[in-house]
Every structure is written in C-alpha cells, then in structure tokens.
Amino acid sequence: MTTTTTKEAAQPAPDTGGSVLTATGVTMRFGGLTAVRNVDLTVDPGEIVGLIGPNGAGKTTFFNCLTGLYVPTEGTVQYKGRVLPHRSHLVTEAGIARTFQNIRLFANMTVLENVLVGRHTRTSEGLLDALLRLPRFRRAERASEERAMELLDFIGLAHKREHLARNLPYGEQRKLEIARALASEPGLLLLDEPTAGMTASETTATRELVLAIRELGTAVLVIEHDMRFIFNLCDKVAVLVRGEKLVEGGSETVQNDERVIAAYLGTPLDDDPGSAEAAEVREAEERTAAKAETPRDSAAQEGDED
Amino acid sequence: MTNSTPTTAASAKDHRTDDDRLPGLLRLPHPAAAALTAAGAVLGLLSTFLAWTWTAEFPGNLTVYAYPGGLQILTLVGSLLILASLLGGVYAVRGLRWLTPGGTRSPVLLWALGTFATTGFTAAAISVQLGGAVNLEPGAYVAVAGTLLALVGALGLGRDVAGDDAEPGAWRRFVGSLKAPAPAAAKETPGWVEILAICASCAIGLYVFAYGIEAEDGPPFIGFLILACFGAPAVGRAGLLRRLSGLAAKHRNVTLTAAFVAALLFPITQSNEAYTNIAVSVLVFATVALGLNMVVGLAGILDLGYVAFLGVGAYTAALVSGSPTSPFGIHVPFWAAVLIGAAVALVFGLVIGFPSLRLHGDYLAIVTLGFGEIFRISMQNLDGDSGPNVTNGPNGVTNIPDLELFGFNFGQEHSLLGFDIGRFANYYLLMLVFTAIVVMIYRRSDNSRIGRAWLAIREDETAARAMGVNAFRLKLMAFALGATLAGMAGTVLAHVEFSVNPESYKFVHSAPPNSAFLLIAVILGGMGTVSGPLIGASLLYLIPAKLQFMADYQLLLFGVALVLLMRFRPEGLIADRRKQLEFHAPPGQEGGGGTPAGEIDVPPGSGGLSKTEA
C-alpha cells in the first residue's frame with residue numbers, strides 16, 4: 001500500500017454546493033491499466049446514491065480512492081468542502097466510513113469489541129489514560145460502550161454482544177460491519193455490495209436498514225449488483241462502465257438508457273449474425289415460460305471483481 | 001477433535017442414571033468397576049505406608065514403614081485424589097460433589113492413569129537404579145498392584161460423554177472416556193466462600209510449585225511431572241478449572257492479590273538457595289515473556305529479536321551501576337539505573353521499530369531477527385579492538401555490585417519474621433514487584449481503546465485502518481512499550497547474574513534467555529493471556545533446569561512439544577477468553593466445531609469489556 005503524503009490541510013473548495021461528497025475527475029491508473037477514468041460524483045446530504053456497473057468496471061477501485069486506501073492518480077475527493085487526505089484512518093476521522101465487499105470483521109473479537117473499534121476516531125484516551133484508569137477514562141469507556149450498545153440495538157444484535165464475530169451467521173456479519181462503520185459517526189456511509197449472497201428476505205431487511213440509516217442523517221453511497229435493490233432504494237444511480245461514468249440520474253433514466261443496456265448485455269453486431277437462431281430460441285423460451293409461469297429472480301448474484 | 005452432535009449435551013446430562021449405554025474401554029458392571037477402583041485406590045494408599053525398597057540409596061528414602069516419603073507421597077496423593085473424585089463423582093457423596101461439577105468419571109480415570117504411571121515409574125526407577133527388581137520390597141508390588149486395580153476399575157467406569165457412533169472401537173472408547181461435559185452453571189455461593197476458594201487454590205498452586213521446584217533432580221522430579229501431566233487435565237475435566245476461572249473473573253482483584261501474595265510467600269517455603277536462584281530466573285523470563293506477549297499476542301507483531309531489548313536494559317544497567325569493568329565508571333542508584341535502562345530500551349524500540357514496522361508478516365519477522373543479531377554482534381565488537389571499548393566485548397561487563405536499597409543489601413542474607421531470606425530470595429522479591437507492574441500494564445492496556453485497536457490490527461490491518469486506527473503509530477507504540485518492559489526486566493537481570501555478556505542474547509540457545517525461548521513460552525502458555533506466558537516460561541525454564549540430562553535434547557523436545565500442542569491444543573495451555581470462544585464455541589452457536597463446552601462461566605458484566613478495575 002502506498003501511503004504517499006499529500007497536502008492534508010483543508011483547502012477552500014471551488015463550489016461544492018453543500019454536498020457531502022464531491023469527487024472531481026478521479027482517475028486511477030495501475031501501470032498501463034486505467035481502472036477509473038475521470039469520474040465525477042456528488043452525494044448530497046440525506047441522499048442514497050447507487051453505483052452500479054458490470055464486473056471489473058472499477059466500482060471498488062473508485063471506493064478505495066474515496067476512502068484513502070488508494071491514492072488517485074488524478075482528481076480530488078472532497079468531503080463537506082474539505083479535500084480528503086489519502087490515509088484511510090484520516091478519511092474515517094473526517095467522516096466517511098465504509099464496509100467491505102468481502103466481509104472484513106475482526107473475526108476473533110467479540111461483537112461489542114468490533115463496534116467499539118469503530119469508535120476509535122471519536123474517542124481519544126491514550127495509553128497513559130488506560131494505565132492510570134482515572135475517572136475520565138472510565139467515563140469515556142462507559143460512554144463508548146453505551147453508544148456501541150445503542151448501535152447493536154439498532155441493528156438487532158444486542159443480545160449477541162459477547163459472541164465472537166466469526167461465529168455470527170453471514171447476514172448478521174454484514175449487519176455488524178455496518179454497525180461498526182456507523183460507530184465512527186460518519187456523515188457518509190459507503191456500502192460495498194451489502195446484499196451479496198443474501199436471501200430475498202435478508203435483502204429486504206438490508207433495504208430497511210439503509211433507509212433507517214438515512215433517517216439518522218447519514219448519506220449513503222452503495223455499490224450493488226442487485227438491480228431491484230438499487231432501483232427500489234436509491235435517489236440517484238450512477239453507472240460505471242470500464243472505469244468511466246456512463247450515466248447518472250434517477251432509476252427511470254438509468255434503466256431506459258440504451259448505453260447501460262448495451263454495457264450489461266452487449267450490442268448487436270451490424271449484420272446481426274445468428275438472429276434467426278436467436279429468434280427461434282426466444283420463441284421456444286416464451287413458450288416454456290407461458291407454460292411454467294414461474295417468476296424467477298432476475299437479479300444476478302455476481303462474484304467478486306477484485 | 002470430533003464433531004459434537006446436538007444429542008451429546010443432552011445425553012451427557014443424564015449419564016448418572018443411564019450407565020450401560022456409555023461403555024468405557026472395559027465393559028465392567030458399573031458397581032463392580034466403582035468398587036474395584038475404590039479398592040485399588042485404598043490398596044495404593046496403604047502401600048505407601050510400607051517399605052518399597054531396602055536401601056536408602058534411592059532418593060527420598062522409601063525404606064521406612066508407616067512413614068511415606070519421596071515418591072511414595074505422590075502415590076499417596078494420587079490415591080487420595082482417585083478416592084476423592086470417585087466418592088464425589090461416582091458415589092455422589094454429599095459434601096464431596098463440588099469436586100466434580102463437570103465430568104465425573106474422566107477425572108477418576110485420569111487420576112488413576114497418573115497414579116499408576118507414577119507408581120509404575122517409581123518401581124521401574126528403583127529396579128534400574130539399584131540394579132534389578134530384586135531390590136523391590138513387597139510394598140512396591142502392593143503399590144503397583146493397587147494402582148493397577150484402580151486403573152482397571154476406572155477404565156470400566158464408563159464415559160461422561162456419548163460418542164457419535166453406536167459401537168466404537170477400543171481406542172475410541174478410551175478416548176471418549178477421557179472427555180467430559182462442561183460444568184453446569186455454578187450455584188449461588190456467598191462471596192466469602194468464593195474468595196476463600198480463590199485463596200485456597202492459590203495456596204495449593206504455591207504448594208505444588210514449591211514441591212516441584214524442591215523435588216530432587218532425577219526420579220522424584222520426573223514422578224512429579226508425570227502426576228502433574230495427568231493431574232492438570234483431571235482437574236480440568238472435573239470442571240474445577242472452569243469454575244475457578246469463573247470465580248477469578250468475578251473477583252479479579254482478589255485473585256490478583258491472592259496470586260501475588262502466594263508468589264510473595266514462595267521464598268519462605270524454600271530452604272535452599274539453589275532453588276530460589278531458579279525461581280528468580282523463572283520470574284525474570286516469565287516477565288519478559290509477558291512483555292513479548294504484548295507485542296505478539298495483542299498487536300500481532302511477530303518479533304524474533306525481542307531478547308535484544310532485554311539485553312539493552314541489562315547492558316545499560318550494568319554499565320551505569322559501578323561495575324569495575326565498565327568504561328564509564330559511574331554508579332547511579334538503582335531506580336535511576338532502571339529508568340535509564342527502560343529509556344534506552346524505549347529508544348532502541350523506536351529506532352528499530354520505525355523502519356521495520358512498515359513491513360508485514362514474514363518480512364517483519366526476519367528484520368526483527370536481524371536486528372536481534374545485530375545487537376549481539378555489536379555488543380561483541382564494542383571491545384576496544386574492532387570498535388570503541390564500551391561493552392568489553394565477549395568478556396562482558398562483570399562484577400556488578402549487589403544492590404543496596406534503603407540500607408538493605410541484596411547480597412546478604414536477612415532474617416525476616418524468623419525466615420532466612422538469602423541473596424536470590426531478595427532479588428526474587430524485587431523482581432516480583434516488576435512482574436506485578438508488567439502484569440498491571442498488560443491488563444490495563446489490553447482492556448482499553450488502545451488494546452482494542454491493537455487487536456484490530458492483529459485481526460485485519462486494512463479494516464482497522466478503515467475504522468480510523470492509525471495502524472503504524474499503534475504498532476510502533478506496542479513495539480516500543482514491549483521494548484521498554486523488557487529493558488526494565490533486563491536491569492534486574494544484570495544485577496541478579498552479576499554480569500552481562502553478549503552470548504546470552506542469541507536467537508536460539510540451549511539456555512534462556514533467547515528470543516526463540518521467549519516466543520515458545522508465549523505460544524505454549526497461550527497468546528494474549530496474562531497467566532499463559534507466565535506459566536509457559538516457568539515450565540520451559542523449570543523442566544530443563546531440573547532435568548539436566550535432557551539439556552542436549554532440549555531444543556528437540558521444545559519442538560516436539562510445540563508440534564503436539566498445535567495439534568491438540570492450538571490455543572495454548574491457557575486459552576484467552578476470545579480463543580475459548582474460537583476453539584470451543586458454545587453449542588448452538590454457529591461455526592463451532594469443538595467439544596460442547598457449555599456456557600462460558602463468566603457472569604455478564606464482569607468479564608471483558610464492561611469490567612472496570614481499581
């Protein structure tokens with residue numbers, strides 16, 4: 001990991017119009033490969049923004065640029081008008097928290113401890129405080145724990161506070177990761193595929209949870225492959241294809257955009273080879289579908305793209 | 001580890017009523033097996049009042065009638081414990097049932113195994129040492145026969161826990177009969193009873209440790225080890241350890257105080273300077289191992305050159321404490337030497353940590369290993385020949401004068417409340433203060449914002465940074481703190497041993513201190529715990545010190561012990577609270593592949609995070 005130091009001081013922002021997150025011209029190159037090219041994105045307060053795109057489109061790379069895990073080759077990221085430093089712990093301190101595509105909990109720590117680690121940036125007792133155990137330290141610990149328990153109540157895991165994170169079922173691990181991120185009191189929460197591998201009912205519960213997070217006053221930026229989830233949830237959806245932002249707008253705009261359809265399904269060739277066979281297949285399929293009449297979840301559960 | 005089935009816990013509960021379903025290795029009728037065990041144990045007990053051999057040449061004098069001595073005492077104690085757990089567990093005699101809150105048959109079997117092994121070993125040792133079985137008196141035959149009877153009976157007692165196949169083979173029946181369910185939740189007992197139990201356990205611990213350290217080298221110590229090897233799991237299977245750790249978690253400060261007092265009383269149980277010498281070394285290395293545990297166990301930094309920081313502290317203290325071979329020729333008071341030693345070690349920790357902590361995993365381990373060797377070689381070469389004369393090269397800094405604090409000369413024997421406290425006992429008491437400080441620092445930093453951040457880094461550094469943890473700074477803090485604590489211990493070590501020389505600070509060496517020894521102590525004892533490294537270092541130092549003939553094979557045996565440990569008890573001898581959850585998940589919790597361990601016996605609110613300390 002590069003941890004190149006850049007100017008970390010607050011710079012006067014050009015015009016962010018009160019938005020929570022403003023990414024301007026973010027470009028990320030790995031050697032000759034340009035993973036993210038000149039992406040602009042704004043998230044306004046109280047907004048839920050979706051980021052979609054086919055596998056390998058650069059969504060997670062873009063996330064990593066936002067959270068300081070990667071230093072973007074070009075472009076700036078501003079949080080509430082301040083340019084963000086390229087250190088992930090400073091980004092979290094500034095107010096952006098994230099979850100990971102592959103769950104990255106502290107597996108051998110308890111549920112409560114996981115959330116308490118999330119409180120790290122909002123507490124300040126150092127080693128000396130811990131050794132001396134003055135009343136100030138105890139007060140701070142108690143306050144942290146109360147706050148963490150509130151969050152566990154919020155996601156419904158309060159009864160499992162003393163369980164080891166690794167022993168939680170999958171869906172609860174996802175929830176715990178969100179609670180851990182919320183513990184740092186973020187103004188913007190980045191969720192990287194929060195419903196990957198979930199059942200339909202768990203997906204619905206996650207949707208409720210994200211909406212509740214919005215009620216808390218936190219803006220949310222979410223990467224997801226589950227289109228139904230995204231279009232039901234987001235105020236605004238941006239589509240990333242081969243590192244570039246294709247479209248941005250409401251669900252309707254994005255769903256009907258031909259370029260988006262093309263990016264997901266491909267474009268027909270000019271002379272349209274095999275169209276006869278395709279028509280045949282389609283016909284056969286329609287026949288079967290009419291017979292069976294079984295609705296199937298069209299949402300693609302696609303694999304990792306790292 | 002076999003998989004537990006949901007029925008296991010249920011069938012374990014009603015084992016008292018339904019015996020035939022759960023056969024042990026031998027299929028004996030239950031009353032007969034119990035009676036056989038009892039008879040065997042009584043026979044073993046009585047045999048210790050007979051003579052086992054005709055000559056007092058064998059260590060411990062086993063020739064006297066009606067007066068058990070030496071190895072006979074082990075058989076006596078073993079037989080008594082078989083009887084006690086049999087009466088408490090199998091016969092469920094009122095007043096003794098508290099002895100077996102967990103398994104009821106497996107403790108009997110383990111004690112029987114241990115007693116038979118010790119007794120058999122004694123008989124064999126007598127025959128070998130004195131040249132033939134002809135040297136055995138009838139008492140020895142009675143002892144072997146008695147303990148064998150008890151063992152046969154115990155093997156027929158049946159199992160505590162049902163296996164998962166209906167007709168298991170002999171070996172699986174045997175292994176199955178060594179397993180035990182976790183104790184049920186403890187009944188409410190008055191606070192003073194619990195505190196008394198803690199104090200009694202500390203006293204027993206002190207007595208066992210003192211007995212072991214005082215046992216004569218050779219057969220008596222080996223006999224002690226055999227019995228202890230079977231006894232420790234027996235106490236564990238009986239559920240007493242879990243009960244005790246529950247009590248310890250509930251009365252944390254009482255436990256710490258009791259343990260400290262027990263350690264404080266140790267020198268007065270000793271009449272021989274040689275053993276307090278071992279004890280003070282054990283204490284120094286245990287303290288350093290605990291410091292290393294902070295670096296390895298909490299922050300997850302694999303430091304293979306940790307002993308260098310002990311050396312930094314020892315050298316610093318040696319150079320400023322008025323040794324005639326020190327080129328500085330100054331003699332600062334002890335407290336100043338400690339502070340200087342700790343400060344210099346801190347600086348070294350920062351200097352070494354700053355560049356190397358940017359590396360991860362194996363690379364970091366290799367770099368720390370390199371720095372450790374650099375320290376030793378530098379000390380060797382600062383001899384006036386290949387460099388400026390600071391450390392006297394391979395000869396080391398010698399003749400460090402004994403400490404004198406408040407007119408109390410550590411080199412002389414003092415009489416305290418009628419007990420003679422010799423030179424090493426003085427240093428032992430001094431070192432104990434440092435150990436207490438390190439224990440306190442460890443516990444307090446573990447259970448705090450900083451400690452949680454260390455654990456988070458150990459678990460997943462990227463995620464920790466994404467949660468706002470400044471990983472590099474915190475790792476440097478752990479590394480430097482560990483270095484400081486080792487340096488502090490080193491200042492005492494220099495005084496205890498009169499001299500320091502570079503040869504003792506190697507990576508691997510047949511005698512401690514060396515980095516490998518410290519690391520093995522941490523892993524063997526249990527990473528991330530307080531008592532683990534203390535116990536691990538004690539065992540690793542004590543056993544080779546008492547068994548001189550093993551010295552050549554010491555490293556080989558360490559290796560074998562580690563491999564076996566990783567196979568059978570990966571969390572170390574003492575499992576920390578989290579590892580207990582990791583390897584022995586409570587039934588009904590997902591992801592657990594272990595034996596049904598039951599609820600962790602820590603009352604909510606007293607264990608872990610919500611705990612506050614005085």
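Tutor: Let's go through the chains, sheets and helices step by step.

Student: Before we start, how should I read the model and its numbering?

Tutor: This is a predicted model, in which local features need pLDDT of at least 70 and side-chain atom pairs count only at pLDDT 80 or more, while totals for chains, interfaces and linings use all residues. Residues are numbered from 1 along each chain as its sequence is written, and chains are lettered from A and ligands numbered from 1 in the order in which they are written.

Student: Which domains is chain B divided into?

Tutor: Domain 1 covers 22–163 + 170–176 + 190–250, and domain 2 covers 282–533. Those bounds come from an automatic or database domain assignment. The C-alpha centres of the two domains of chain B are 40 Å apart.

Student: Let's look at a helix. What about H20 of chain B, how far does it reach?

Tutor: H20(B) spans residues 531–546, and its 16 residues reach 22 Å from the first C-alpha to the last, close to the 22 Å expected at 1.5 Å a residue. The expected span is 1.5 Å times one less than the number of residues.

Student: Why is H20(B) described as largely enclosed?

Tutor: Because 13 of its 16 residues are buried, H20(B) is largely enclosed by the rest of the structure.

Student: How do H11 and H19 of chain B pack?

Tutor: H11(B) (residues 273–298) and H19(B) (residues 515–525) pack at an angle of about 70 degrees, with their axes 9 Å apart. That makes H11(B) roughly perpendicular to H19(B). Axes are lines fitted to C-alpha atoms, for helices over the stretch in contact, and angles run from 0 to 180 degrees between N-to-C directions. Angles under 35 degrees count as roughly parallel, over 145 as roughly antiparallel, 65 to 115 as roughly perpendicular and the rest as oblique.

Student: Which residues make that contact?

Tutor: Among them are Val288(B) and Leu292(B) of H11(B), and Leu518(B) and Val522(B) of H19(B). Two residues are in contact if their C-beta atoms, placed from the backbone, lie within 7 Å.

Student: So where do the two chains touch?

Tutor: 36 residues of chain B are in contact with 37 residues of chain A. H15(B), H16(B), H17(B) and H22(B) each give two or more residues to the side of chain B that touches chain A. The largest share, eight residues, comes from H16(B).

Student: Now chain A. What is the order of its six-stranded sheet?

Tutor: The order in that open sheet is E6-E7-E8-E3-E9-E10, with mixed pairing. E6(A) and E10(A) are the edge strands, each pairing on one side only. The twist averages 20 degrees from one strand to the next. Two strands pair if DSSP finds at least two bridges between them.

Student: What's E3 of chain A like, buried or exposed?

Tutor: E3(A) (residues 48–52) is mostly covered, with five of its five residues buried. Ile48(A), Gly50(A) and Ile52(A) point one way, while Val49(A) and Leu51(A) point the other way. In a regular strand the side chains alternate between the two faces of the sheet.

Student: Which strands does E3(A) pair with?

Tutor: E3(A) pairs with E8(A) in the parallel sense over four bridges, and four bridges also join E3(A) to E9(A), again running parallel. The bridge partner of Val49(A) is Leu221(A) in E8(A) and Lys236(A) in E9(A).

Student: And the four-stranded sheet?

Tutor: That open sheet of chain A runs E2-E1-E4-E5, with antiparallel pairing. E2(A) and E5(A) stand at the edges with a single partner strand each, so one side of each is left without a neighbour in the sheet. E1(A) and E2(A) pair over seven bridges, and Phe30(A) stands opposite Leu33(A) in E2(A).

Conventions:
Buried ≥ 20, exposed ≤ 12 C-beta atoms within 10 Å, placed from the backbone.
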